[in-house]
Amino acid sequence: MLSLLTDLLWSKVLIAVLIGIGIWFTIATRFVQFRYFGNMFGILTAKHHEPDGKHLSSFQALILSVAGRVGGGNIAGVAVAITIGGPGAIFWMWAVGLMGMATSFVECMLAQTYKSAESDGTYRGGPAFYIERGLGKNWKWLSVLYSILLLATFGIAFTTLQSYSVATSLEDAFGIPPYYSGIGMALIVGLIIFGGVKRIAQVAEILVPVMAGGYLLIALIVLAMNLSAIPDTLMMIVKSAFGLEPAFGGGIGAAILMGVKRGLFSNEAGLGSAPNVAAVAHIPHPANQGIVQAFSVFIDTIILCTCTALIILLGTAYDPSNTDTIQGVALTQASLATHMGDYGRMFVSIALLLFGFSTILYNYYLGENSVSYLTKSDNHGFYMNAFRVVIICLCCTGAILDLGTVFAFADLSMGLLALVNLIALALLFKVAKRILKDFDDQRKQGQKTPTFEANRFDDLEIDQASWPNEEKNQ
């Protein structure tokens, strides 16, 4: 039943909705992801910390979202997409990524617009908040449904799957028993998550640039070793996407399906997960964070997923004529080993360990955001600590369990999560256009750093405490 529902959702409904909304948002925002592409790089040299010490900077929010986007999907997910959908799946991952940049811009801008100021001075936000505030109290049921799906998908299922992926990879590369890996992850994760989102962001700020930069460096070495073969490989990806490559004939349907599915799994554009992190940042205008989060989709799909695809396709481990070929992370490990020997296998395992670890922290924060939204009561602290204990237990058990059913449940719940969020984004797109127009108009007037005056949008039910007057002067 899970498989039947998942196939229906992914093979028909979500492909149409995801691509349709991506194209709609791209055209209606006048290709915002390309218009402001140059501005995305400004975040890398901008001030990284806010002086009050209470909030995350825009850079920290970017790093935390990259920690979530960059994970197993970039290593194992790309390998699965190529194995099932052929090289052409990578082309459709690119298409979903480029269109998804506009979708991510809109959802993260809305998350900033409707964020809520907490009693300790920090912010919370995300789809649950912009559904309730943006669509009104009559839609509260949809925000509750989204929060439950987010908790089940990221907080529970994906945390378990990441633990399993890391433990499996370490066992394959170093012979470490999975239960040792599970215990180790549980101890380290426990020490970090009890420190709150600031500690998670501080860890991610160090870990993510190192792991993403290291993976990119290895990929560039492989590309340099196979420079002459790159044009033909890229052409094979494009031809295969349209069923024009003889070796992969008849696979266009599988290529599109796997490209869209693995593309969303990897970059999460439209899923509504990244807005939970985007809302935490302290910035002068909601569109700023929309631009930043669109950049994180580019980093994930266009850069890192392409690196993995080329490592596989330029190697000799992948054989499309062999139905028993190795799959998943093992294929990526074997492919890198064909370029760099056994050191390549060990590197992928270490990379997956770091990617998986950072993603577990990200998944925890998404679950925490849902728990916070669903348990606004005197027992809020009890529920939060109970959830932290559950996460620690999942790190242990996920490493040693047979997770076939969990994989199927995660696919289904992720699809439902995306559907709920995409419906909300479609209904709130007029609001998003207003916020973007305000940003565009200020830029046209020569303001290099547009500021958001919440009192000019009184009809939008914005939490005024989240946009204090002093921000306008920054």
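**Figure 1. The second largest cavity of the predicted model.** The second largest cavity has a volume of about 50 Å³, in a model that is predicted rather than determined by experiment. The structure holds 2 cavities of 30 Å³ or more. Lining residues of the second largest cavity are Gly125, Gly126, Pro127, Ala128, Phe129, Tyr146, Ser147, Leu150, Asn276, Asn369, Ser370 and Tyr373. At least two residues of this lining come from each of α7 (127-135), α8 (140-174) and α16 (342-374). By residue class, the lining divides into 6 nonpolar, 6 polar and no charged residues.

**Figure 2. Helix α7 and the glycine that follows.** Helix α7 is mostly covered, with 7 of its 9 residues buried. The buried residues of α7 are Pro127, Ala128, Phe129, Tyr130, Ile131, Glu132 and Leu135. Of these, Pro127, Ala128 and Phe129 also belong to the lining of the second largest cavity. Just after α7, glycine 136 adopts a positive phi of about 100°.

**Figure 3. The largest nonpolar core around Phe105, Leu110 and Tyr130.** The largest nonpolar core comprises 121 residues, and Phe105, Leu110 and Tyr130 touch the most other members. Helix α16 gives the most to this core, contributing 12 residues. A second, separate core of 17 residues includes Ile82, Trp94, Leu313 and Tyr318. In soluble globular proteins, nonpolar side chains tend to be buried together. With neighbours within four places in sequence left aside, leucine 110 is in contact with Tyr130, Leu425, Leu428, Val431 and Ala432. Tyr130, one of these partners of leucine 110, is a buried residue of α7.

**Figure 4. Alanine 79 in helix α5.** Alanine 79 lies in helix α5, which spans residues 72-85. With a relative accessibility of 0%, alanine 79 counts as buried because the limit for that class is under 20%. Apart from neighbours within four places in sequence, the contacts of alanine 79 are Ile312, Gly328, Leu331 and Thr332. Alanine 79 and alanine 309 are separated by 230 residues in sequence, yet their C-alpha atoms are 7.3 Å apart in space.

**Figure 5. Serine 181 in helix α9.** Serine 181 is part of helix α9, which covers residues 178-193. Its relative accessible area is 8%, and serine 181 is therefore buried, the cut-off being under 20%. When residues up to four places away in sequence are not counted, serine 181 touches Ala167, Leu170 and Ile176. Among these partners, Ala167 and Leu170 fall within the residue range of α8 (140-174).

Figure 6. The structure holds 0 disulfides. A disulfide is a covalent bond between the sulfur atoms of two cysteines. For cysteine 395, the closest cysteine sulfur belongs to cysteine 396 and is 7.1 Å away, so the two are too far apart for a bond, the cut-off being within 2.5 Å. Cysteine 395 counts as buried, at 0% relative accessibility. Cysteine 108 is likewise buried, with a relative accessible area of 0%.

**Figure 7. The chain as the setting for the close-up views.** The secondary structure of the protein chain comes to 19 helices and 2 strands. Of its 474 residues, 58% count as buried. Among contacts in the protein chain with a separation of 6 or more, 81% are accounted for by residues 24 or more positions apart.

Notes. Residues numbered from 1 in each chain as written. Predicted model: local features only at pLDDT ≥ 70, side-chain atom pairs only at ≥ 80, totals over all residues. Heavy atoms only, no water. 1 Å grid on protein atoms, 1.4 Å probe; cavity = no way out; pocket = protein on both sides within 12 Å on 5 of 7 lines; lining within 4 Å. Points joined across faces, edges and corners; volume = space filled by probe spheres on them. Helix = DSSP H or I, 4+ residues; strand = E, 2+ residues; numbered from the N terminus. Nonpolar A, V, L, I, M, F, W, Y, C, P; charged D, E, K, R; others polar. Buried < 20%, exposed > 50% of the residue type's maximum accessible area, 1.4 Å probe, protein only. Contact = heavy atoms within 4.5 Å. Core = buried A, V, L, I, M, F, W, Y, C linked by side-chain atoms within 4.5 Å.
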